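Here's a quick briefing on a few spots worth a look.

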Amino acid sequence: MAGYGRDERAWVRGAQAGSASDLEALFRAHWPRAYRAAYLVVHDAAAAEDIAQEAFLAAVRALDRFDRRRPFGPWLHRIVVNRAVDWARARALRREVAGDALEGEPALAPAPAGDAAGLASRLAELPPDQRAVIVLRYLLEYTPGEIADLLELPRGTVNSRLRRGLDRMAAGLEEEA
Amino acid sequence: MTEEQLRELCAQPAPGEEAAGERSLGAVQAAYASREPGRARRRLPIRAALVLAACAAVAAVAVTPPGRAVLGRLRDAVGRERVTPSRPALVSLPAPGRLLVLSARGPWVVRQDGSKRLLGAYEDASWSPHGLFVVATRGRSLVALTPAGVIRWSLSRKPVSRPRWSPDGFRIAYRSGTNLRVVAGDGTEDRLIAQRVTHTPPAWRPGARHVLAFVDRLGSLHVVDTDSTEELWVTEAVPGTRQPTWSADGKLLAVLTGDNIVRLFHAGGGLIQALALPSGVASDLSFAPVDRSFAVALFRPATRRSIVVVGDADTVGIRRLFGGGGRLRGLTWSPDGRWLLLAWPAADQLIFVRVADRKVVAVSNVAREFDPGGIGPVAFPRLAGWCCPQGSGLPPG
């Protein structure tokens with residue numbers, strides 16, 4: 001996965017030393033992909049915001065213990081993706097006991113248009129575990145081996161989830177056509 | 001479908017990405033400003049040495065008779081509750097649920113793991129019954145929004161305050177100017193319920209369809225059906241009547257009155273009991289969310305100390321729960337009714353007291369935590385609710 005190298009290490013060091021501007025730089029560098037990863041797993045803008053924000057808050061709480069020699073991104077992405085998968089699973093359970101209209105699920109945010117819309121809706125139909133590995137692979141650009149490390153899964157499991165997910169998406173798109 | 005198409009999808013900004021980032025940056029900066037700096041950790045051995053030295057000095061003093069007298073006075077001043085060491089920040093809640101805290105910057109949602117979200121520049125706020133929404137006020141606007149800060153609807157009236165969501169989620173009562181109004185939970189059917197009401201918040205009756213208790217300016221307690229606007233019953237005026245609160249089963253209604261009495265009424269009207277409180281000026285009254293326990297905060301001007309007592313509406317017994325210098329306010333029960341949260345501005349602390357055994361968890365540096373980066377004196381925040389009953393609300397973070 002492409003990182004921010006020396007910049008990132010400098011931001012982490014600065015934030016640990018009390019520099020609010022370095023913390024902001026770190027946030028701005030990582031927010032778009034953290035939020036997007038959460039969104040593509042949960043397909044709910046408010047939940048994605050919560051999940052990404054909480055990951056950053058966890059980072060702030062653990063900042064003093066963070067090892068500067070290690071990249072910040074994978075550590076953050078692990079939290080984001082695991083929480084997003086948990087949220088998606090919990091929502092699936094909650095749907096079975098949905099309440100009245102007012103207190104029900106918030107409306108989903110607008111979906112992307114065109115071909116991307118079809119892809120996004122096919123992605124949304126996958127089980128959360130498969131969504132997560134696809135997002136890690138194609139948004140965050142981790143290799144299957146890195147994904148296996150991040151999610152603490154055997155590499156074979158990552159490969160099979162990727163394969164099954166991609167196959168299901170392709171089949172869905174062919175049916176649409 | 002190609003992998004390239006997937007990469008293109010992932011390269012597009014997600015809906016709300018930028019706005020969510022700006023909101024979250026504020027919360028992250030707030031958490032960063034209130035954290036213990038790393039340098040403090042490296043000084044820990046020196047601090048530990050100082051603490052050990054202080055403990056040794058206290059121990060040495062305690063073995064002499066004059067020393068024991070000093071410690072006795074100190075204990076009286078501080079109180080006799082079992083206090084665990086104060087936490088430097090609100091890093092977790094001792095019971096499930098989420099807090100709503102009103103600061104000068106606006107309402108904050110605090111999750112059980114201590115993570116916080118600032119909802120925006122609103123003045124007053126309260127939870128919907130399952131915590132999926134918050135109703136907030138800003139000047140002339142009444143706003144319903146999600147705990148993520150997304151506005152669902154708003155309406156404008158005379159200056160609005162004291163919004164309260166009905167237990168079924170279908171009505172919101174609020175004060176507009178000196179009027180009491182009710183609007184449907186989706187922002188429609190706004191209607192006037194009463195004129196010339198006090199500042200004290202109205203209270204919805206649990207388990208009943210849209211029955212609301214409120215106090216008028218003369219001190220009469222009213223109970224109305226807000227759908228028909230029929231007045232179900234009203235008391236004679238008693239000066240200083242305030243803080244109406246219903247028991248969890250909706251069968252009892254309690255108010256504080258100016259003569260320092262808790263008056264307990266049947267839900268259908270009729271006084272059951274008038275409970276004289278210990279000396280002091282009662283400021284807060286709140287029924288527990290699970291039974292017929294209630295809590296009252298009392299301030300004693302002569303000693304400038306406050307106590308919080310817990311009573312039982314069935315046995316009419318009262319026991320002391322916590323005491324401290326200055327005022328205690330904002331009595332807020334945990335959703336499971338096991339903990340009571342108190343705001344203690346003089347100590348800049350939030351106090352969580354476990355009701356069964358009076359165990360205390362204190363959290364320090366509260367004012368700054370909810371106004372990070374603020375300059376000059378910081379207003380102590382107000383507590384606006386601890387949400388929600390188990391099995392509802394958002395999934396754990």
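Helix α6 of chain A has these buried residues: Pro128(A), Gln130(A), Arg131(A), Ala132(A), Val133(A), Ile134(A), Val135(A), Leu136(A) and Tyr138(A). Buried here means under 20% relative accessible area, with exposed being over 50% and partly exposed in between (1.4 Å probe, protein chains only). That's 9 of the 11 residues in the 128-138 stretch, so the rest of the structure largely encloses α6(A).

Some ground rules: this is a predicted model, where local features need pLDDT of at least 70 and side-chain atom pairs count only at pLDDT 80 or more, while totals for chains, interfaces and linings use all residues. Residues are numbered from 1 along each chain as its sequence is written, chains are lettered from A and ligands numbered from 1 in the order in which they are written, and side-chain values use heavy atoms, leaving out hydrogens and water. Helices (H or I, at least four residues) and strands (E, at least two) are DSSP runs, numbered from the N terminus.

**Helix packing in chain A**
- α2(A) (residues 20-42) packs against α3(A) (residues 45-61) at about 140 degrees, with the axes 8 Å apart; axes are lines fitted to C-alpha atoms, for helices over the stretch in contact, and angles run from 0 to 180 degrees between N-to-C directions.
- That makes α2(A) oblique to α3(A), going by a scheme where under 35 degrees is roughly parallel, over 145 roughly antiparallel, 65 to 115 roughly perpendicular and the rest oblique.
- The residues in contact (heavy atoms within 4.5 Å) include Trp31(A) and Tyr35(A) from α2(A), and Ile51(A) and Phe56(A) from α3(A).

**The four-stranded sheet in chain B**
- This open sheet runs β17-β18-β19-β20 with antiparallel pairing; strands pair if DSSP finds at least two bridges between them.
- β17(B) (242-246) and β20(B) (271-276) are the edges, each with a single partner strand, so one side of each has no neighbour in the sheet.
- The twist averages 20 degrees from one strand to the next.
- β17(B) and β18(B) (residues 252-257) share 3 bridges, and Thr245(B) sits opposite Ala254(B).

**A hairpin in chain B**
- β27(B) (residues 349-354) and β28(B) (residues 359-363) pair antiparallel over 5 bridges, with Val353(B) partnered by Val360(B).
- The hairpin has 4 residues between its strands, and Arg358(B) in the turn has a positive phi of about 60 degrees.
- In β28(B), 4 of the 5 residues are buried.

**The disulfide**
- Cys387(B) and Cys388(B) form a disulfide with sulfur atoms 1.3 Å apart; the cut-off is cysteine sulfurs within 2.5 Å.
- Both cysteines, Cys387(B) and Cys388(B), are buried.
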